[in-house]
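Please examine the sequence and the three-dimensional structure shown here. The explanation below the display is meant to be read alongside them.

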Amino acid sequence: MTSNDNILLKVKDLRTYFPVRKGFLQKVVAQVKAVDGVNLFISGGETLGLVGESGCGKTTLGRSIIRLQKPTSGSIHFRSKRLSQNGEEEVIDIAATGPAQLKMLRRDMQIIFQDPYSSLDSRMTISEIVGEPLKVQKVAKGADRQARVVDLLKAVGLDSGHLKRYPHEFSGGQRQRIGIARALALNPGFIVADEAVSALDVSIQAQVINLLQDLQEQFGLTYLFIAHDLSVVKHISSRVAVMYLGKIVELAETSELFNQPKHPYTEALMSAVPVPNPEFVQQRIALKGDVPSPVSPPSGCYFHPRCRYAKDHCSVAEPELRDLGNKHFVSCHFAQELSLQGVKAS
Amino acid sequence: MPLIEIKGLKVYFHTEDGVARAVDGVDFDIESGKTLGVVGESGCGKSVTARAIMGLVDAPGRVESGRILYHRQNEVIDLVKLKPKGRQIRSIRGAEIAMIFQEPMTSLNPVFTIGDQIVEAILLHGDAGKRQAQKLAIQILEEVGIPLPRQRFNEYPHQLSGGMRQRAMIAMALSCNPSLLIADEPTTALDVTIQAQVLELMHGLRQQFNGAIMFITHDLGVIAGMADDIIVMYCGKIVESGPVLEIFKTPLHPYTIGLMRSIPSLTDSGRQRLDTIEGVVPTTFSPIAGCAFAPRCPKVMEICRQKAPACLEVTPGHRSACFLHHATAEGT
């Protein structure tokens, strides 16, 4: 990793497997390959969108990247100022780091969860919830902490009158704002937003999306934005990665990915999104069948049993994620030969 | 003649915290052979309206007033007046009015096979024999696109994927050839590619099926491709209704306009800010004087806070409950 291209985080060959145990002795009989060899980088200040269907491993990838889940193998190089005394940036491998260092690193990377109902402790007041990271990290105490909490609430559009209230007194959108305030408490540079707006109603979702964009500008945040809703991801991301069965199948600049997809899965995914226009004649590419189990993925290219362009070669050889130029990464043997349909502007 | 006429329907929930006015005076018709889309955000009363038609409003909920007139061959039945567990509603529910729910996991019985559950519905409502019912069930499973229907017939819900379960639910709902099919967020719990499959299926059904469909969703994209007419609900009331093209091309009510602008679309170009509807949905616990949308409305006027606007016809077939359009509506 060179320092001049502003890469904040670089994931190399990351794998996170979950053992499947069976029987009296709880023998490991199989592995769920939730994340199966992921390579990607995230530049400082950008929003990398991560899309895929349920079970594709996008949440596990997000959790592995900030070490809420220990990866099985691979490396996650993260640039942080927190560890060195002289304020210089250092590159640390999050995948291999120990607990003490990890605690320091938590100040620099935070997460916003999907469900605004279960991710807040119902017995804590808002002031306790938002102030907890400051307490755990011993950053601020007493009146200082209180003042910081008030500032944070203001930043996410809540007022200080809410301090002594409990989560049940808030609506879903407001709770999500509380979750965002908590994630911001330690002034992190990197935030994983895991389906952060998926549980919200459309009118509230728009408010929270705008808030996330404002905060990014204000604090220079870098986001890994995980979502299944392609329209939202397209709106908020500068680059987008598409995941299928634990692997990244395509990664490119947002407009390039949506206008000129190079992977058949991306094409099918985009064609399936309902368009809010009754005159739009949708040509959905109906994928055959369901997503295969990550316990026993298909041979060769994982997508080949559902791919309408699949050839014999696809069931034998596994495609590499390669750069087709312009940092457009695709893992398909025939990426250059296929001419796929992107999103048509209305 | 409409299949179902709903007049002044009010469904209130009498909870410990007070009375929630989930559906607060709703009038609309469901026409045979058409698909009516009902859109709105959570808590707007769209599902409760559907449950009221099915006679499935559970305590502490109660239909306070209003009529749900169901036009059968040559009689008119007020579904509100039927005993909720009586013989007549049971002969209608499931047979003549069927429903598909959002969660295929929880709406199928886990201890019976898919086949048994469909056969049960057919036997209960028809006069087919067991063998005939089985044959029919397998045939319907095939029609809804379940591969290997004979094998699936003997499988339990947990052996099916989410999309297949929803297909099985649709098969069950269609098994008695209902005159009204209510689909309550049938694709919300599904992934986009699976959602696309189920929507394709429902599209096909729309053509074959000669009954009416009431399609409830919060997703404007889904409804755009499915419905002939649309009702937009907010806080237990209908704020706008009309043909699908008109609603999308010339939305009238400020809430509908706000809703349309706040969704990011794949076909948008450029990374602009989303328009939002400020504020939050008010609770339905306290009666709202005036228009329920007034506190969030960008075009709010003095009168909006004092009087509730009636839902009037602005252009033929297109109604809006907004004072902005009352002058036009009265002129026509």
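Predicted model: local features only at pLDDT ≥ 70, side-chain atom pairs only at ≥ 80, totals over all residues.

Residues are numbered from 1 along each chain as its sequence is written, and chains are lettered from A and ligands numbered from 1 in the order in which they are written.

Strand S8 of chain A spans residues 222-227; strands (E, at least two residues) and helices (H or I, at least four) are DSSP runs numbered from the N terminus. Six of the six residues of S8(A) are buried, that is, 20 or more other C-beta atoms, placed from the backbone, lie within 10 Å of their own. A:Thr222, A:Leu224 and A:Ile226 point one way, whereas A:Tyr223, A:Phe225 and A:Ala227 point the other way. In a regular strand the side chains alternate between the two faces of the sheet.

S8(A) pairs (at least two DSSP bridges) in the parallel sense with strand S3 of chain A, residues 47-51, over five bridges. Here A:Thr47 stands opposite A:Tyr223. Strand S7 of chain A, residues 190-194, also runs parallel to S8(A) and is joined to it by five bridges, with A:Phe190 opposite A:Thr222.

Chain A also touches chain B, through 38 residues of chain A and 37 residues of chain B; residues are in contact if their C-beta atoms, placed from the backbone, lie within 7 Å. H6(A) gives the most to the side of chain A that touches chain B, with six residues.

Key. Contact = placed C-beta atoms within 7 Å. Buried ≥ 20, exposed ≤ 12 C-beta atoms within 10 Å, placed from the backbone.
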